[in-house]
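Dear colleague,

I am handing over the structure below for your use.

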Amino acid sequence: MNIGMIKKNASGQLVGQVSTLAVSMTIGLRAVTSTNPAAPKFDVLALNAARNWISVGALFELTATKTGEAFYQGKIDDPTMDAPLYIACFRQDDGSYAVAWRRNNGRRRDALDAVDDDGDTGGDGAAERPAGDGLGESTAPPRGGKARTKEPVSNEPPLIPAE
């Protein structure tokens, strides 16, 4: 299901909107420069109420098995959200990107739902969380824990070189 669109603005920056029933945000993509092949392709930034760009996620480049086409997949996460928003971005003929929502794998969600507010399963030991999903650390607070905060990235829009 498409929940947004990202386009290059007059300055060549990739910016757009993501909207669902519970979320409406202006987002920008900032290219990640890294020699690490496992690094994300883009940082996802969101414009907050103070008009600052805040890092809320990352997108990794993947290749479709059937078509061989490249697309970007990742998540948007913030302490104000109940759960991360898993997204994929697909390039359109006009150079824009359609933002599609996807539900996360149910097994991982079930495992996380088993953890109570104290951060354990309520049994005789700590809950075992699933292995990392490769999308980086969540900015959401751990269950029963204190939220981590991130400093604003910049008051200026993200800088993305034109392709």
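Two strands are said to pair if DSSP finds at least two bridges between them. Helices (H or I, at least four residues) and strands (E, at least two) are DSSP runs, numbered from the N terminus. With these terms, Asp-43 stands opposite Ala-58 in E5.

Please note that this is a predicted model, in which local features need pLDDT of at least 70 and side-chain atom pairs count only at pLDDT 80 or more, while totals for chains, interfaces and linings use all residues. Residues are numbered from 1 along each chain as its sequence is written, and side-chain values use heavy atoms, with hydrogens and water left out.

Overall architecture

The chain contains one helix and eight strands. Read from the N terminus, its elements follow the order β-β-β-β-β-β-β-β-α. The eight strands close into a barrel in the order E1-E2-E3-E4-E5-E6-E7-E8, with antiparallel pairing. On average, neighbouring strands of this sheet are turned by 30° against each other, direction ignored; the axes behind this value are lines fitted to C-alpha atoms, and angles run from 0 to 180 degrees between N-to-C directions.

Of the 163 residues in the chain, 33% count as buried (buried means under 20% relative accessible area, exposed over 50%, and partly exposed in between, with a 1.4 Å probe and protein chains only). Among the contacts with a separation of 6 or more, 39% come from residues 24 or more positions apart, where contact means heavy atoms within 4.5 Å.

Strand E1 and its partners

Strand E1 (residues 2-8) runs antiparallel to strand E8 (residues 97-101), and four bridges join them. Here Ile-6 stands opposite Tyr-97. Five bridges join E1 to strand E2 (residues 14-19), again in the antiparallel sense, and Lys-8 faces Leu-14 in that pairing. E1 and E2 form a hairpin with five residues between them, and Gly-12 in the turn has a positive phi of about 85°.

Strand E4 and its surroundings

Strand E4 (residues 42-47) pairs with strand E3 (residues 24-31) in the antiparallel sense over five bridges. Within this pairing, Ala-31 stands opposite Phe-42 and Arg-30 stands opposite Asp-43. On pairing with strand E5 (residues 53-63), E4 is again antiparallel, over six bridges. The hairpin of E4 and E5 has five residues between the strands, and Arg-51 takes a positive phi near 65° there.

How many residues of E4 are buried? The count is six of its six residues. Phe-42, Val-44 and Ala-46 point one way from the strand, whereas Asp-43, Leu-45 and Leu-47 point the other way.

The salt bridge

The structure holds one salt bridge, a term that requires a side-chain nitrogen of Lys or Arg within 4 Å of a carboxyl oxygen of Asp or Glu. The side chains of Arg-30 and Asp-43 form it, at 3.1 Å from N to O. This pair links distant parts of the chain, with Arg-30 in strand E3 and Asp-43 in strand E4, 13 residues apart. Arg-30 counts as partly exposed because its relative accessibility is 24%.

Aromatic pairs

A pair of aromatic rings is described by the distance of the centres and the angle of the planes. Rings of Phe, Tyr and Trp (its six-membered ring) pair if their centres lie within 6.5 Å; planes under 30 degrees apart count as stacked, over 60 as edge-to-face and the rest as tilted. The structure holds three aromatic pairs. The rings of Phe-42 and Tyr-72 have centres 5.1 Å apart and planes at 80°, so this pair is edge-to-face. Because Phe-42 lies in strand E4 and Tyr-72 in strand E6 (residues 70-76), the pair ties together parts that are 30 residues apart in sequence. Both residues, Phe-42 and Tyr-72, are buried. Ring pairs also link Phe-42, Tyr-72 and Tyr-97 into a cluster.

Two further residues

Lys-75 lies in strand E6 and is buried, because its relative accessible area is 6%. The C-alpha atoms of Lys-75 and Val-56 are separated by 8.1 Å, although the two residues are 19 residues apart along the chain.

Thr-80 is located in the loop between E6 and strand E7 (85-91). With a relative accessible area of 70%, Thr-80 is exposed. The side chains of Thr-80 and Asp-78 are joined by a polar contact of 2.5 Å. A polar contact is a pair of N or O atoms within 3.5 Å; within protein, one must be able to donate a hydrogen and the other to accept it, and residues adjacent in sequence count only if both atoms are side-chain atoms.

Yours sincerely
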